[in-house]
Amino acid sequence: MHEDIEKILVSQEEIKKRVKELGEEISRDYKDKFPLFVCILRGAFVFLADLVREVHVPISVDFMAISSYGGKTESSGQVKILKDLDTPIEDRHVLIVEDIVDTGLTMDAVTRLLKTRKPKSIKICTLLDKVDRRIINIKVDYYGFRIPNSFVVGYGLDYEEKYRNLPYIGILKEKVYKGGSNN
Ligand code: PRP
Ligand code: MN
Ligand code: MG
């Protein structure tokens, strides 16, 4: 285990098992729909990469880069689009792939924007759902794990751009971030 990690919250094995289940569920729901998976960079890149390999129906993939936080731990409340989709989504079935839904601000902004482009449907799949932190009531269609309000990193999730490459979801030691809240 990494020295900055207090405890493993979701192990590599648990993630693998759950991602496979999600892939099977999504494959059933999107059979013959040729959905576009929209990966929200940067955090969702690891989950997206594992999830698509558990989906056994035709799909396509595109990327959007969003940032709602600076280098720190507090939400600025401002959601910035750093990179938009390259794919037109009119009449497409869109599945947004996220690593974590926390306050819901990011998903609220992204879904509102994408809906203006007239997709056939739009749903959210997140690996982690931190329901206690919600500010905006966002409907999550698929989630991997509901987690408590602790500071988690790994499997795509960062603190100041570190720890994204850890293969598990870990709780960061308090001394590493001292007094911040989480994303
Ligand atoms: C994190 C996370 C989600 C978002 C969730 O992204 O990856 O996208 O925050 O928080 P919210 O529900 O409160 O909006 P972040 O802005 O840190 O960018 P990153 O994915 O590049 O780390
Ligand atoms: Mn993110
Ligand atoms: Mg982040």
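User: Which elements do the buried residues of H1 pack against?
Analyst: This is a predicted model: local features need pLDDT of at least 70, side-chain atom pairs count only at pLDDT 80 or more, and totals for chains, interfaces and linings use all residues. Helices (H or I, at least four residues) and strands (E, at least two) are DSSP runs numbered from the N terminus. Packing is judged by contact (C-beta atoms, placed from the backbone, within 7 Å). On that basis, the buried residues of H1 pack against E1, helix H2 (45-52), strand E6 (121-129) and strand E7 (142-146).

User: Which residues of H1 are buried?
Analyst: Residues are numbered from 1 along each chain as its sequence is written, while chains are lettered from A and ligands numbered from 1 in the order in which they are written. A residue is buried if 20 or more other C-beta atoms, placed from the backbone, lie within 10 Å of its own, exposed if 12 or fewer, and partly exposed in between. In H1 the buried residues are Ile15, Val19, Leu22 and Ile26.

User: Within what arc do the buried residues of H1 fall?
Analyst: An α-helix has 3.6 residues a turn, so residues three or four places apart point the same way. The arc is taken over directions from the helix axis to the C-beta atoms. The buried residues of H1 line one face of the helix, because they fall within an arc of 65°.

User: Which exposed residues does the face of H1 turned away from its buried side carry?
Analyst: H1 covers residues 12-29. Its face turned away from the buried side carries exposed Glu13, Lys17 and Arg28.

User: Is Leu172 buried or exposed?
Analyst: Leu172 lies in strand E9. Beyond four places in sequence, its contacts include Ile5, Phe151 and Tyr177. With 24 C-beta neighbours inside 10 Å, Leu172 counts as buried.

User: Which element gives the largest share of the shell around ligand 1?
Analyst: Of the 18 residues around ligand 1, Arg42, Gly43, Asp102, Thr103 and Thr106 come nearest; near means a C-beta atom, placed from the backbone, within 6 Å. Two or more shell residues come from each of strand E3 (60-69), strand E5 (93-101) and helix H3 (105-115). The largest share, four residues, comes from E5.

Technical notes:
Contact = placed C-beta atoms within 7 Å. Expected span 1.5 Å × (residues − 1).
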